[in-house]
Amino acid sequence: MISTKYTIREHNEARILQEIITQKQISRADLASRIGLNKASVSAITKQLLDDGLITEIGIGDASQSGGRKPILLTFEPHCGVVIAVDLGANYAEGLLSYPDGEVIAVVERKRQPVTRDNACDLILTIVHELKHKLPHTRHGIVGLTVAIHGLVHEQRIGFAPYYDLTELPLAQELEEQLGYPVILQNEANLAALGEYTFASASDNLISISVHSGVGAGVVVNGQLDTGAHGQIGEIGHTILYPGGTPCPCGNHGCLEQYASNTVIYREAAALTGREITNSDQLVAALEAQNEPLAALLKEKARLLAIGINNLVMLQDPELVVINSSVYRKLPWLVDEVRASINSRFAHQVKIRNTRLADQAVLVGGIASTARQFLKVSDLQFENR
Ligand SMILES: [Zn+2]
């Protein structure tokens, strides 16, 4: 995808930088043999990376492998710059300041903050300003910002966003004018998938399922985010589960999202138990108090989600499906229920598990999104957690 725009030189630079990141410490000779380039090309490219402050020379390598001359080792310089990510929800905003390798510097949260088209830009600027109080000195400073949008995003334009009125708001443009560095807008489920790929998996082909107010998915194919022709490739929340079923804001009836989102789970759990349930903590407490009928309800919700996942697995053939949801994280046996429901001869070999990024997948995906642009490595992947 992005790699088709690369020149051969840029392509080789990206391969060398990724190999240095993967190997942690490596000599120029080893780089040349691993990448299959001649030593002169490797020397020229690593000189440029050194000049740009993206790598450093460290210590002395193992002399036994180079016949007495001790090679200098190269290593990635994670403190070359900093990256900002903001998750812009319908009623919260959260910002993360981090080094490009995901090392956290600072976090800023705005809870119970309704987001509208009138305050979205200022809210993000306020968060960025607060994060800058913790800004360390680095060679390149802030290299960019990625904003997670809970709605469709295609080529920097916000499309249908069911939970706030940001459609067609020129947010990237306004922020770039104010901040003076690149701003990327991306769908939150897509960023979660990018976060899983970059920081928490060894798979090049994976799907991240986000279950929050809605249900969405991000798809990574060969290390690249696949967003489709209109940015809506992972919208499994709007695949139809029941023809003629519950109306959905998207215009269809019977969408998966109307049966398996956390919002629907909380509403039906509250009706069943007579308790106030508007978040996953209250759901867990209700489950502990009145186990059987509520457990059956949740089991059914997992089975419905599994239908959506099964359909997406059949279309995309991933190695791994990761679930990002506070409900599934706090009740991991629900993931077992999903797994048990996906058992066709086609789908049984796909791995299904909870996220290992806690509730940070979207934000670290935002870090990954800007980091790959800054480092010019289109399939950037750091150490697997
Ligand atoms: Zn729908």
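Accessible areas here come from the Shrake-Rupley method with a 1.4 Å probe, and for residues only the protein chains shown count as cover. By that method, the protein chain exposes about 17600 Å², with carbon and sulfur atoms supplying 49% of it.

What you're looking at is a predicted model, where local features need pLDDT of at least 70, side-chain atom pairs count only at pLDDT 80 or more, and totals for chains, interfaces and linings use all residues. Residues are numbered from 1 along each chain as its sequence is written, and side-chain values use heavy atoms, leaving out hydrogens and water.

## Overall build

Let's start with the pieces: the protein chain has 13 helices and 15 strands. These are DSSP runs numbered from the N terminus, with helices being H or I of at least four residues and strands being E of at least two.

Now the outline. Along the principal axes, the C-alpha atoms of the protein chain fill a box of roughly 75 × 50 × 40 Å.

## Inside the fold

How much of the protein chain is buried? Buried residues account for 52% of its 385 residues, where buried means under 20% relative accessible area, exposed means over 50%, and partly exposed is in between (1.4 Å probe, protein chains only).

Take contacts (heavy atoms within 4.5 Å) between residues at least 6 apart in sequence: 63% of them join residues at least 24 apart.

## A look at the cysteines

C248 is buried, at 8% relative accessible area, while C250 counts as partly exposed at 32%. As for disulfides (pairs of cysteine sulfur atoms within 2.5 Å), a search of the whole structure turns up zero.
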